[in-house]
Amino acid sequence: MRQVVGMPVRYVWLLLLALLWLQGCGQSATLSTQSGQVAAEIRDHYEAGLDHLPLSLQRHYAQRLYRVTGDPAFLPYQQRHAEQLLKSLYRDVQGLSSQPDYVSQREQVMSSRSPLRTERQRQRAALLAAYPGMRFATDLSFRLVQLEYYGLLEHLPAEDVAFVRSWLADAGFDAFLLSEPAIRHYAAQAANQVWFLDQLGVMDLREAFMQRFQEIYPLGGDDALTQAEWHNKLYGMTHIVIAASRYYQHTLPESDFAWITDDFIRQLPLLLNAATEDILAEVGISLALTGQVDHPAVAQIRQALIRAYDANARMIPSPTGSTDFARGEHRNVLAVMLLIWPDHLYPGPQLDPELVRYYVYSEPMTATEIED
């Protein structure tokens, strides 16, 4: 002790800094260990029951885990998804080219299967009903961009791809996606569609959409929003970043969406206190996608997700405490992604072009829908 007291001041400060650094390293190592353990337990739980989920959720889980792990065990799920995408696209090309009422027929089928359990789902249903044909059009663009992600779009008949692109260009997306109701009630899906249409070479609404979004949801205006509106705004902001990354296939320059990520960091205390775990995970992923995975905000979000984890249920429950396996898939796979975020992402996967045989040389598809 006498040695410390007798030390020059500069050495005392160096010693204190070294102790703080060691403490920080210890905390970081503890968080990393906890993150890995929680993520592994959630994965064990979900992957044991993955085959019992609907195909859309199998695809959702497998695609995201593949893009952060590159594990080939997830490829069969994506291959089955691609097969169904190809068959449904063939059905739609034939229908659009030969049946004048094809879109209305498809919309009736899709509408009858749309869930109306929550207020948010009911608002979306009312919105899409106000724009006839848009439910089918958004689904079609989603399926087309998925085929592009899998590297299969370029192997389809060029005239069919051109036909679908032309149809999408005339579907009225600009009026729908830039409308206030779409951004107020459908923000995440609207953001997805804006980037999908650009990736498909149909139209570029990105700048117009972000300008319109900020007009409807001005930064600093959150006090005037209900909780549902605030959540919708947050989902919209995260999906601008996620869609721009081609859904976790590559990172983005930090400066590209600083207006979004800076706002997330600014309101982090509120997010940690009031946002759902789904939103928290997407906020953390948005920071990771923009090269800020080492920001203290990401560590705090990871800690919040770990605290929310239920070891008995082996998952993160819903805000109401539900441990429903299927409904919890979205929340839990996103949490796993952030908890194990890798040094690099795995694009694609690029699937075997031989799969294109399902486009024509297979049994006609049943009425099963491909869900987003």
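# Helix contacts and salt bridges

User: At roughly what angle do the axes of helix α16 (residues 277–289) and α18 cross?

Analyst: This is a predicted model, in which local features need pLDDT of at least 70 and side-chain atom pairs count only at pLDDT 80 or more, while totals for chains, interfaces and linings use all residues. Residues are numbered from 1 along each chain as its sequence is written, and side-chain values use heavy atoms, with hydrogens and water left out. Helices are DSSP runs (H or I, at least four residues; strands are E, at least two) numbered from the N terminus, and their axes are lines fitted to C-alpha atoms over the stretch in contact, with angles from 0 to 180 degrees between N-to-C directions.

User: At roughly what angle do the axes of helix α16 (residues 277–289) and α18 cross?

Analyst: This is a predicted model, in which local features need pLDDT of at least 70 and side-chain atom pairs count only at pLDDT 80 or more, while totals for chains, interfaces and linings use all residues. Residues are numbered from 1 along each chain as its sequence is written, and side-chain values use heavy atoms, with hydrogens and water left out. Helices are DSSP runs (H or I, at least four residues; strands are E, at least two) numbered from the N terminus, and their axes are lines fitted to C-alpha atoms over the stretch in contact, with angles from 0 to 180 degrees between N-to-C directions. The axes of α16 and α18 come within 9 Å and cross at roughly 30°.

User: How many charged residues does the contact of α16 with α18 have?

Analyst: Contact means heavy atoms within 4.5 Å, and here Glu277, Asp278, Ala281, Glu282, Gly284 and Ile285 in α16 meet His330, Arg331, Leu334, Ala335, Met337 and Leu338 in α18. By class (Ala, Val, Leu, Ile, Met, Phe, Trp, Tyr, Cys and Pro are nonpolar, Asp, Glu, Lys and Arg charged, and the others, Gly among them, polar), six of these residues are nonpolar and two are polar, while the number that are charged is four.

User: How are α17 and α18 oriented to each other?

Analyst: The axes of helix α17 (residues 296–308) and helix α18 (residues 329–339) come within 10 Å and cross at roughly 135°. Angles under 35 degrees count as roughly parallel, those over 145 as roughly antiparallel, those from 65 to 115 as roughly perpendicular and the rest as oblique. The two helices, α17 and α18, are therefore oblique.

User: Which residues of α18 are met by α17?

Analyst: By class, the contact of α17 with α18 has seven nonpolar, no polar and one charged residues. On the α17 side stand Val298, Ile301, Arg302, Leu305 and Ile306, and they meet, in α18, Ala335, Leu338 and Leu339.

User: Is the crossing of α7 and α8 left-handed or right-handed?

Analyst: α7 and helix α8 (residues 158–169) pack at an angle of about 140°, with their axes 11 Å apart, and they are therefore oblique to each other. In this contact Phe136, Ala137, Leu140, Ser141 and Leu144 in α7 meet Val164, Trp167 and Leu168 in α8, and these residues divide into seven nonpolar, one polar and no charged. A crossing is left-handed if the near helix is turned anticlockwise from the far one by less than a right angle, and right-handed if clockwise. The crossing of α7 and α8 is left-handed.

User: How many salt bridges does a search of the whole structure find?

Analyst: Side chains of opposite charge can pair when their charged atoms come close. A salt bridge is counted when a side-chain nitrogen of Lys or Arg lies within 4 Å of a carboxyl oxygen of Asp or Glu. The number of salt bridges that the search of the whole structure finds is 12.

User: What separation along the helix do Arg43 and Glu47 have?

Analyst: Arg43 forms a salt bridge with Glu47, the closest N and O atoms being 2.7 Å apart. Being four residues apart in helix α2 (residues 9–48), Arg43 and Glu47 are separated by about one helical turn.

User: Are Asp92 and Arg143 buried or exposed?

Analyst: The side chains of Asp92 and Arg143 meet in a salt bridge (2.6 Å, N to O). Asp92 lies in helix α4 (residues 75–98) and Arg143 in helix α7 (residues 134–149), so the pair ties together parts that are 51 residues apart in sequence. Buried means under 20% relative accessible area, exposed over 50% and partly exposed in between, for a 1.4 Å probe and protein chains only. Asp92 and Arg143 are both buried.

User: What is the relative accessible area of Glu148?

Analyst: The side chains of Arg246 and Glu148 meet in a salt bridge (2.8 Å, N to O). The pair links distant parts of the chain, with Arg246 in the loop between α13 (227–244) and α14 (258–266) and Glu148 in helix α7, 98 residues apart. Arg246 is partly exposed, with a relative accessible area of 21%, and Glu148 is partly exposed with a value of 24%.

User: How far apart in space are Val68 and Asp343, C-alpha to C-alpha?

Analyst: Val68 lies in helix α3 (residues 55–69) and is buried, with a relative accessible area of 4%. Leaving aside neighbours within four places in sequence, Val68 is in contact with Met337, Ile340, Trp341, Pro342, Leu345 and Tyr346. Val68 and Asp343 are 275 residues apart in sequence, and their C-alpha to C-alpha distance in space is 8.9 Å.
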